[in-house]
Structures are given as structure tokens and as C-alpha cells.
Amino acid sequence: MQLDNTHIAVKERNLVDICDLSLHVMRHYWRPIVLTSLAGALPLMVLNHLLIGWMMDLEFRDAFFYLDESSAITRYVWDMSLLIAIEAPLASIFATAYLGQAVFVDQPKIRDVFRDVFKMSPRVIWCQLLVRGILPAWLLLLAVPRYGDFEVGLEAMLLPLLAMYAVGLRVFRPFINEIVLLERNPLISRDRSMMTIGRRSTQIHAPSYSDLFTQGLGLSLMTFCLAVAMFGNFVFLKGVLVNSWKVSPFMLLYAFPLACWMVAIYINVVRFLRYLDLRIRHEGWEVELRMRAEANRMASKSF
Amino acid sequence: MSSEMTQIDSTVEVVTPENIAFHYQVAGPFRRLPAFLLDLLIRAAGFAVIALVISLVGGTIGVGGMSFAVLAIIWFLSDWFYGGICETMLNGQTPGKRTMGIRVLTVSGQPINGVQAVMRNFLRSVDMMPMLSLEVMGLAAPAYIVPTCILALVTMTLNRRYQRLGDIVSGTIVVVEERQWLTGVAKLEDSRAAQLANYIPADFVITRSMSRSLAGYVDRRRFFSTARRREVARHVAEPLIERFGFPPDTSYDLMLCALYYRAFVADRTDEEALDAANPFGPPAAVQPFQSSVPIPKS
């Protein structure tokens with residue numbers, strides 16, 4: 001591994017350049033990114049379907065409650081959007097670990113990536129499942145009676161509040177996956193000089209809160225537009241193939257979450273490149289890599 | 001960064017017919033989007049002004065129906081020819097592109113001609129496909145007017161030069177016009193670096209890659225905290241301090257500055273370079289091995 005010969009060019013970039021470069025990265029590593037992202041997202045897709053898929057079960061809807069079709073669709077889209085917004089970082093853990101290795105290693109083995117992530121699983125569970133509100137979101141939706149009416153308290157108040165908390169936390173502290181999986185800091189330590197996950201998170205994020213907030217707003221808008229465009233694309237494809245332009249419950253049940261997850265995968269790549277950029281700007285990471293590479297070269301020449 | 005392997009980057013090499021290679025940063029979809037939106041705004045504002053004038057004139061002379069037809073023709077022309085005409089007249093730029101600092105070139109780095117400019121703008125309507133009907137959103141009768149631009153996004157993702165279909169057909173690329181300043185030798189504020197450089201053994205050769213690394217370090221060190229400078233410089237400075245037999249408490253940062261001075265100033269015979277880069281004045285009676293900031297070594 002030659003530290004100053006990275007597979008992704010390490011230099012300062014602005015947000016639009018990072019978004020553009022992410023397309024290149026996706027093209028170059030499309031197979032491992034799809035595989036690792038599926039490994040993260042597929043269980044969540046199944047879980048989400050089990051949690052709220054019944055809302056689009058229109059036969060049962062007719063039998064059990066009196067919501068009209070458009071209200072049922074709105075309810076499902078609302079709950080699913082919030083759920084994916086909360087879960088997206090958890091789905092990206094394998095892809096993040098892969099990209100972290102791919103910067104330096106030529107074709108990292110996916111098996112090694114999975115092994116590394118599983119080693120870090122207690123920290124991931126704490127940081128993502130608990131602190132970032134994923135488990136509470138699941139519990140909330142589990143509390144919604146199946147085939148029951150729209151629960152105003154749970155679905156219109158608590159779930160959006162939880163989503164706001166999770167997204168807000170992610171806007172200001174987006175790089176928790178990178179800190180946990182790539183920097184591998186311990187969760188807690190009695191030694192005050194030890195760089196724990198919390199201390200490192202504060203160290204890397206706190207000087208850039210205003211930048212991160214601005215970028216977060218821009219990315220949120222972009223995510224929304226991309227998700228709509230992607231879903232629209234599925235509607236168009238279906239229209240061309242079966243000559244039916246209506247958004248059917250089937251489309252909402254499968255194509256809508258798929259469109260959202262596809263955008264989430266892309267945003268994950270953007271987030272990883274933003275992490276590299278932040279480290280370059282604030283810590284001179286590219287300079288450190290060069291120095292470490294020089295040190296390695298000097299050592300190999302047995303000074 | 002050294003580039004022994006092909007790195008994933010948005011920079012492409014363009015070789016002109018004169019066999020001169022230029023490196024351009026190509027503009028991707030997200031870099032181009034603000035320019036497109038700005039052009040759209042300019043067109044809409046221009047159209048609103050023209051519509052106002054024509055409506056007033058048409059109303060005054062009593063040809064209201066005619067003015068509607070004129071407006072429809074103007075909208076059609078501006079929609080299809082605004083980009084093509086601007087890019088032909090302004091050497092590959094529209095007002096939006098000029099504001100955002102991007103320019104259209106041919107794939108061989110030449111200015112584009114009128115046909116290329118018009119062609120790539122004609123095909124924009126294809127790149128915006130698939131169009132969505134407002135009906136999908138439950139708003140109105142079928143009218144396919146909402147562009148998703150997914151075709152352009154997919155096409156640009158699939159090629160290294162971020163070319164949409166219009167670019168591929170016309171043989172053009174969109175590049176970022178960024179002026180990069182070539183900086184000279186960095187100024188070192190600590191005169192002890194020059195003194196310490198004199199103690200570096202004469203037979204120590206600073207390699208090309210190390211020179212680049214030192215230049216990168218000295219260029220960026222002013223943005224680092226003292227602790228961070230120490231952390232970054234330690235990798236190279238620590239083994240060298242040991243090798244040269246310098247006192248163990250020698251500042252790592254100072255050590256790298258001394259190496260930089262040795263590589264870029266002391267070893268150069270160019271008088272101008274020496275004048276430009278010797279900011280220290282006469283050596284003061286200071287101890288070169290003294291650490292500038294005493295930090296306990298870990």
C-alpha cells in the first residue's frame with residue numbers, strides 16, 4: 001500500500017465537485033458498491049415492508065378502515081420516507097467500509113469488509129441503532145395497530161420528530177460511520193487523552209458546523225429532487241412497458257422504496273467523499289499521507 | 001499526490017492537434033446545474049420584459065391575438081436557440097456558464113463552432129428525458145412537461161468526461177475555468193530553519209518525491225495548529241533527527257522547514273530564487289536546536 005498513491009485523487013473540492021466525482025466513483029466501483037449497499041439495505045427493505053407494507057394492502061384497507069385510496073397512499077409514502085431517512089446511514093455501513101479500503105487498496109475483498117464491519121458491530125449498534133434513533137423508529141411503527149387508522153400521535157408527531165432529530169444530527173455530525181468503521185476509535189475510555197468516538201466526532205465536526213449545515217441543506221434538497229426523479233423514471237418505464245401511467249399500489253410498494261434507497265446509496269458515496277474533503281481541509285490529511293509515505297520509503301531504504 | 005496509477009478524478013487530459021496536452025477539470029452535472037438554472041432565469045426574465053412590451057404595443061394598436069402568436073414564436077426561438085447562439089457568440093459560454101466559470105470546448109480542446117453549439121443545445125431536450133406528466137402527481141391532465149434528466153445523469157455517469165448525449169453527438173466537453181496561481185518558494189517565518197539546514201549533512205540527498213512532500217507541508221502548515229504540525233511532521237522528522245544526531249527535543253516542524261530550505265533555497269544557485277526566498281535576514285544568535293514550542297514528546 002502506497003499511501004500517497006490513492007485510487008481516488010485526494011485534494012480539496014467543493015460540494016458540487018464532490019457530487020460529480022461521486023458519479024465517477026459509483027461507475028468505477030459499481031459492483032462492490034451495489035453488493036455492499038444491498039447487504040446493508042436489503043434487510044432494512046424487508047423490515048420496512050413488514051412494518052408498514054400492510055398500509056398499501058388495499059383489499060384489507062377496504063375491509064378494515066375507511067381511508068380512501070389517496071389517503072392510504074399519502075400515509076404509506078409519508079411513513080416510508082421518514083423511515084428510510086432515519087435508516088439510510090445504517091444501510092451504508094458496508095459500503096462505507098469498502099470505500100475506506102478502496103482508497104488505498106486495489107480491489108479490496110468484500111469478505112474482509114464484512115468481517116471488519118462485524119468486528120465493529122457493537123459500536124455501530126450503539127451509534128446508529130440507538131443514538132441515531134433507528135430502533136425507536138421501528139418500535140414506534142410496531143406500536144401502530146396493523147390495518148388500523150392513521151395514528152396521529154405516533155405517525156404525525158413522534159415519527160416526524162424522531163426523523164427531524166436523526167436528520168438534524170446527521171446534518172451536523174454526518175461522518176459517524178467513517179469515524180466508527182475507518183478510524184476505529186473506542187466507544188468509551190477512562191483515559192481522558194484517549195480519542196473516543198464521541199471526542200473524535202466533536203473534534204472533526206465542531207469546527208465546521210456552519211459548512212456542514214449549509215451542505216446538509218443543499219444535499220437534502222438534492223436528495224428529494226433525485227428521489228422524485230428516480231421514482232418518476234420508474235413510472236415512465238412502467239408506462240412505456242405496460243401502457244399504464246397510473247401510479248399503482250404495486251409501484252408504491254416496491255418502486256418507491258427502491259428509488260429512495262438508490263438515492264441513499266449515491267448520497268452515501270457523496271458523504272464518504274465529503275469526509276475525505278473535511279479531513280483534507282481541517283487536518284491536512286493529504287499532507288500527512290505524503291509524510292507517512294515518505295517515512296515508509298525512508299524506512300524501506302533502511303536509514 | 002503522485003499519479004503512478006490512474007486515479008479517479010474529474011480531471012482529463014486533452015491533447016490538441018498541435019500535440020500539446022492540457023489538463024482540464026471537466027464539469028459534471030452538478031457543476032453545470034447552477035449555470036443552466038441561471039440561464040433559465042435570464043431567459044424567463046427577458047421573455048417577461050418582451051411579453052410586457054409586446055402586450056402593451058399589441059393592446060395599443062389593437063392586435064392582441066397577433067401579439068400572442070409573436071410571443072409564442074419568441075419563446076420557441078429562445079428555447080431552442082438561446083444556448084446555441086450564446087455559445088457560438090461567447091466562445092463556448094452562455095451568461096450562466098460565464099458566471100459559473102465553465103466553458104464548452106471540443107474534445108480536442110478547441111473552441112466549438114456554431115453547428116456544435118446548436119446541436120448540443122438541440123439535444124438537451126433528449127437529455128432531459130424521461131418527461132413526467134403532471135397527471136402522475138394528480139395535478140392536471142396529461143402534459144409531459146416535468147423533466148427528470150435521468151437520461152443525462154446516466155449518460156454522464158457512464159463516461160469519464162461527463163458528456164451528456166448532446167456532448168457526445170457534437171464532440172464537446174464542458175470544462176471548469178479555474179485560474180491556478182503558481183506560487184514561488186514559500187516564506188519561512190522562523191529564521192532558525194536556515195541555521196538548522198546548515199547542520200544537515202551535505203551527503204543527504206532530498207529526493208524528488210520528498211521535495212514535493214516538503215513543499216506540500218510548508219504550503220499547508222500555516223493552517224495547522226502547533227500540535228497538528230508536530231503530528232504530521234513527526235513521521236519524517238523523527239527518523240531524520242535520529243539519523244543526523246540532532247538533539248531529541250528538536251522541533252519536528254522546524255526540522256521539515258530546514259529540509260525545505262535545504263531543498264528549495266540553499267541548494268539553488270539561482271540568485272533570484274535566493275533573494276526571493278531568503279526572508280530571514282542575518283542569522284540571529286539563536287539556538288537552532290531549540291524547540292519553538294515545547295511540547296512533551298509522546
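A residue counts as buried if 20 or more other C-beta atoms lie within 10 Å of its own, as exposed if 12 or fewer do, and as partly exposed in between. Ile125(A) has 14 other C-beta atoms within 10 Å, so Ile125(A) is partly exposed. This residue sits in helix α7 of chain A, which covers residues 121-131. Its C-alpha atom is separated by 30 Å from that of Arg27(A), 98 residues apart from Ile125(A) along the chain. The model shown here is a predicted one, and the values below are computed from it.

Chain A comes next. Chain A contains 14 helices and 0 strands, so that reading from the N terminus gives α-α-α-α-α-α-α-α-α-α-α-α-α-α. The radius of gyration of chain A is 21 Å, close to the 19 Å that the globule rule gives for 303 residues, and therefore chain A is as compact as a globular protein of that length. Along its principal axes, the C-alpha trace of chain A spans about 80 × 50 × 35 Å. Of its 303 residues, 42% count as buried. If we take the contacts in chain A with a separation of 6 or more, 77% of them are between residues 24 or more positions apart.

One helix of chain A can be checked for length. Helix α14(A) has 16 residues, and at 1.5 Å a residue these should span 22 Å; the end C-alpha atoms are 22 Å apart, which agrees. Its buried residues include Glu286(A), Val287(A), Leu289(A), Arg290(A) and Met291(A). The buried residues of α14(A) pack against α13 of chain A, and also against α9 (208-220) and α10 (226-244) of chain B.

Chain B is built from 12 helices and 6 strands. Buried residues are 31% of its 298 residues. Among contacts in chain B between residues at least 6 apart in sequence, 63% join residues at least 24 apart. The domain assignment divides chain B into domain 1 (11-176) and domain 2 (192-277). The centres of these two domains of chain B, taken over C-alpha atoms, are separated by 51 Å.

The length check can be repeated on helix α1 of chain B. Its 33 residues, 29-61, should span 48 Å at 1.5 Å a residue; the end C-alpha atoms are 46 Å apart, which agrees. In α1(B), the buried residues are Pro29(B), Phe30(B), Arg31(B), Arg32(B) and Ala35(B). They pack against α1 of chain A together with α3 (95-100), β3 (102-106), α6 (150-158) and β6 (172-176) of chain B. Just after α1(B) comes Gly62(B), with a positive phi of about 75 degrees.

How do the two chains meet, and how many residues are in contact? On chain A, 38 residues are in contact with 39 residues of chain B. Helices α1 (15-28), α12 (209-242) and α14 (285-300) of chain A each supply at least two residues of the side that touches chain B. Of the elements of chain A, α1(A) gives the most to this side, with 11 residues. By kind, the residues on this side of chain A divide into 20 nonpolar, 8 polar and 10 charged.

Leaving aside neighbours within four places in sequence, Val175(B) is in contact with Tyr24(B), Gln25(B), Val26(B), Ala27(B), Ile102(B), Arg103(B) and Leu105(B).

Some backbone details remain. Most residues other than glycine have a negative phi, and most peptide bonds are trans. Arg184(A) is not a glycine, yet has a positive phi of about 55 degrees. Arg184(A) lies in the loop between α10 (176-183) and α11 (197-205) of chain A, and counts as exposed because it has 12 C-beta neighbours inside 10 Å. Asn91(B), also not a glycine, has a positive phi of about 55 degrees. Asn91(B) is in the loop between α2 (64-89) and α3 of chain B; with 14 other C-beta atoms within 10 Å, Asn91(B) is partly exposed. The peptide bond from Met129(B) to Pro130(B) is cis, with omega near -10 degrees. Pro130(B) lies in the loop between α5 (124-127) and β4 (131-133) of chain B.

Methods
Residues numbered from 1 in each chain as written. Chains lettered and ligands numbered in written order. Predicted model: local features only at pLDDT ≥ 70, side-chain atom pairs only at ≥ 80, totals over all residues. Contact = placed C-beta atoms within 7 Å. Helix = DSSP H or I, 4+ residues; strand = E, 2+ residues; numbered from the N terminus. Nonpolar A, V, L, I, M, F, W, Y, C, P; charged D, E, K, R; others polar. Domains from an automatic or database assignment. Rg over C-alpha atoms; globule rule 2.2 N^0.38 Å. Expected span 1.5 Å × (residues − 1).
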